[in-house]
Amino acid sequence: MTIEKSDIEHLCGLSKLNLDEEEQSLFLNQMQSILKMIKELEEVDTEDIIPMAHPLQMSQRLREDEVTEFNERNKYQKNTNSSEDGFYKVPKVID
Amino acid sequence: MKRHTVKELQNMIAEQSISSEEIYQLYLNRIKAMNDSINAFISIESDEISPSSEQESSEIKGIPYALKDIFCSEGDKTTCGSKMLANFVSPYDATVVKNLREKGTVILGKTNMDEFAMGSSNETSFYGNVHNPWDKERTPGGSSGGSAAAVAAGMAPIALGTDTGGSIRQPAALTGITGLKPTYGRCSRFGMIAFASSLDQAGILSISAEDAAIFLEHMAGYDQKDSTSSTEEVPKYTDFLNNDLTGKVVGLPMEFFDGSLDSKYQGLVSESIHAYEKMGVQFKDISLPNIKYSVPTYYVVAPAECSSNLARYDGVRFGHRSTENTDLDSFYKQTRKEGFGPEVKRRIITGTYVLSAGYYDAYYLKAQKVRQLINQDFLNAFEEVDVIMGPTTQQSAFKLGDKMDDPVSMYMNDIYTISSNLSGVPAISHPIGFVDNLPFGMQVIAPHFMEHDLLNIVHQYQMATDWHLQTPALCREFD
Amino acid sequence: MSWETVIGLEIHVQLDTNSKIFSGASTSYGSEQNTNTSLIDLGYPGVLPVLNKDAVMMAIKFGLAIDAEISRRSIFARKNYFYPDLPKGYQISQYELPIVQGGSLEIKLNDGTRKVIGITRAHLEEDAGKSIHDKFNNETAIDLNRAGTPLLEIVSEPDIRSAEEASSYMQKIHQLVRYLKISDGNMQEGSFRCDANVSVRPSGQAEFGTRAEVKNINSFRFVENAINYEVERQIDRLENGNDIIQETRLYDPDKDETRPMRSKEEANDYRYFPDPDLLPLEIDQKTIDKIQKSLPELFEKKVIRYTDDLKIKQNDAEEIAKNMQIAEYFEATLNHFNNNPQLVTNWILSEVIGVLNRENMEINAFQIEPMQLASLLSRIEDNTISSKIAKNLFNQMLTSNETVDQMIKQQGLEQITDEGSINEYVAEVLNEFSDQKDQYLAGKEQVLGFLVGQVMKRSQGKANPKLVNELIINQIKK
């Protein structure tokens, strides 16, 4: 359960974050202490305990299959400067 | 300068001694005068008071409120305290905002908060620190620091906040006001920018429990747009405020009273207990044996959920966008590097770690099992007692900058509040006195959907005491 | 060294709902870019998913049709990764507890043998948007219309052992989803997509070899080609002492080859966890029973009914039944005319399908209603008109609104069945073609056809050919 610099780099890759050297070192230290704190959970006997994913004892509601949302492209695309012809744009992806 | 309660404003409007427009202007003026030194608001509205016949019979028509900038409000900048959303104008209203709008309330402004609700001191906001009205060198707590400071300073009669690990209750305690976190699922989360989906809940920061009761009635309720919202009926909370407390049994968890609380705070708690006893309340020692694991449990579950919830902030469709254009990967990384602050990044990394291959069972799954145990502790306790009480925080407001270097020490601020989020039970913090001129608060926790009990209990306390009516010295400067 | 091929197919079927799986935006195909996107599909801050009832019902329908177990409680999970066509940065899918578990399908191979292919699971998930790389110069264009469309991902067991089996299985699933009306199965539009997991192992080895995933297979023919190429490639590598890299490869139909996909090269840790915005999906027995009762008669049973009850030839029955809509058309025709199902069959298989192929249309667009076809065929059956005349009328019916009887009357097309009139024609013909008459008498029987033809010509095709035949023979023999 110790975390290394390469772990931080890997996690940055998965979560698309860029940390510079200084931040990486700082995070590494901070993560060490966070993980140490989390480690306490190992003490707890959780055999046969069902994980609690939700505070509510409800089941998923089903929605009628109706079209209730209509074209608001112009309104929504006001939130970006990078749209053209109604498309969103990103740097070219090579598949 | 007087801090009016919502109840007082209702009376004034009914008596026609002041109009809603005048009330709105009054608060706007206060905000303009005070915000520079408190920094409670990120943006200040000039909302239209638009009368409509639907609102005619509304009890809260014309009541202005402050809205934590985590709630989407249509046509308004909604920043979540982050550079990532600094330019984001929401095209829709959160359901709770829509509910209140339909009842004729008006938004005074969007309040400052810890970035993406991650923090306990309102020091992680892109928009700068919020200052505690009781002592500007101290934090008001967080993440709903702006909302708490606004109400404490009289800039707003009431405010909305969110509570994921204590983010309403802790700032309420540190600013001497009342803060309510309803049961998970009581209020809709639609339009409330997600941090940790299974823990987040919209709530109220107010001067009194009575005010919270008034607003909660209109905010709460089932929302078909939120699959996790409850169909439980919403009672008229104000109907319960004046119930007699005789015979109420209150549990005091030994884990909350293990001697780690400094004696000066313990003294205030003891005095409150006496005040309650005088009202006929009986106290009983109980145990919540797994409660000490709430902080580590929370710091697995919350970061895990947030690491996933924050993946949508990628610069493509809205929000901050880097000018880095070489390739997609760099574009994403640069956008998110520029847009997020260090605490957010830290939690995303932690969350990504605990969910990653090989660690899921040891961390996330384990934490959800411990969560079940914590919930079970509450359910067991509530077989013996009606509600549980304890301190809201371990200390009063700390100085700005004190805890920024040590995240774990910051996380420990939430030690009393986090367990209610894990279990989903409702909880309320109310002021119980001062230590060194700084307010301190106590918490009451009830079983699921028993908000009416909480509000009743605290209202009775607030009828018998006046801690909640104390105003910071700063208010007197603005007359 | 002899090798065995091991294949598992993952088929993504777009479910034919009106709205998306988690939002109320439309799923209609071909809309202008980003006009079918709600805030939920765009992954805006604060939005939440709510599950589409019909998507669930369709998944259950499929599960029941393949004799699978319907999970009474299933969970939605987040599959986390970054890609511009995935707005939330995660796809809502199902991981540990999918809605459908187990099940199987029987396929029929070209040589007539049958084989059962196991199905591991089928689960619900949301589709991603589309990335278009050639629209802008240095940028990729993103259209999120498709984001949020409901998908049913069907995962087969690695029971498939050849490209032919794969194609057969793929076709069977395709037929089934169309039969159940849960998908239009349109591969051109992306409603039906297939990925193949292909590996090889030395014959007799129990352990599976390393597999490669092949994507971008959108026809039955391509699945065979892609698999054949991939198997050859793998065997080639192994025989040369190289390893098979576990990777994702793209099938290129133009070059008929597979090659590694660049963007998926990095092994992705999807960090699946139950989606906290959705509650467990609970399905009660009542719902399952109701859907079970509503299942349409499936292919196998239909063929048996056609052959046993309607006495249609086996091959014809399969031809009709293999396309649900054609089967429906057939059955609708029988509702109005059921004296001669084989006649109806013949006409559909030759004339009707002939038109459909020629005009490249589906039966839903076919101009002749089942009732009209039925009345045409019943007039053949009752000898009012001959087959040949009927074909003429059939062509007219493609554009005319008149009833069959109206056209017969107006054009005077009734068959001539009175012997007197026919005998007159016969006499004329035998007179004119006395040579042929002699030839017939001499034993050259095939000349009869010519004589019949001549009588038909004289009667403008209206004489009943069978009668003509009889009467010619009578007259000659006199």
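This is a predicted model: local features need pLDDT of at least 70, side-chain atom pairs count only at pLDDT 80 or more; totals for chains, interfaces and linings use all residues.
Lys302(C) has a relative accessible area of 4%, so it counts as buried. Glu297(C) is at 27%, so it counts as partly exposed. Elsewhere, salt bridges with shared partners join Asp20(A), Glu23(A), Lys337(B) and Lys345(B) into one network.

Over all chains, the search of the whole structure gives 62 salt bridges. Another one in chain C pairs Arg233(C) with Glu230(C), at 2.7 Å between the closest N and O atoms. Both residues sit in helix H3, residues 220-239, three residues apart, which is about one turn of the helix. Arg233(C) and Glu230(C) are both buried.

In chain A, the side chains of Glu84(A) and Lys89(A) meet in a salt bridge, 2.8 Å from N to O. Here Glu84(A) is partly exposed at 36%, while Lys89(A) is buried at 10%.

Now the aromatic rings. The whole structure has 36 aromatic pairs over all chains. One of them is Tyr265(B) with Phe440(B), stacked, 4.6 Å centre to centre and 25° between the planes. This pair links distant parts of the chain: Tyr265(B) is in helix H7 and Phe440(B) in strand E11, 175 residues apart. Tyr265(B) is buried at 7%, and Phe440(B) is buried at 1%. There is also a cluster linked by ring pairs, and its members include Tyr76(A), Phe88(B) and Tyr44(C).

Last, the surface. Asp418(C), Glu419(C), Glu424(C) and Glu470(C) form a negative patch. Glu419(C) lies in helix H12, residues 419-432, and is partly exposed at 43%.

Definitions and conventions. Residues are numbered from 1 along each chain as its sequence is written. Chains are lettered from A and ligands numbered from 1 in the order in which they are written. Side-chain values use heavy atoms; hydrogens and water are left out. Patches are made of residues with over 30% relative accessible area and no salt bridge: like charges are joined within 9 Å, nonpolar side chains (Val, Leu, Ile, Met, Phe, Trp, Tyr) within 5 Å. Accessible areas come from the Shrake-Rupley method with a 1.4 Å probe; for residues, only the protein chains shown count as cover. A salt bridge is a side-chain nitrogen of Lys or Arg within 4 Å of a carboxyl oxygen of Asp or Glu. Lys and Arg count as positive and Asp and Glu as negative; His and the chain ends are not counted. The place of a charge is taken as NZ of Lys, CZ of Arg, CG of Asp or CD of Glu. Helices (H or I, at least four residues) and strands (E, at least two) are DSSP runs, numbered from the N terminus. Buried means under 20% relative accessible area, exposed over 50%, partly exposed in between (1.4 Å probe, protein chains only). Rings of Phe, Tyr and Trp (its six-membered ring) pair if their centres lie within 6.5 Å; planes under 30 degrees apart count as stacked, over 60 as edge-to-face and the rest as tilted.
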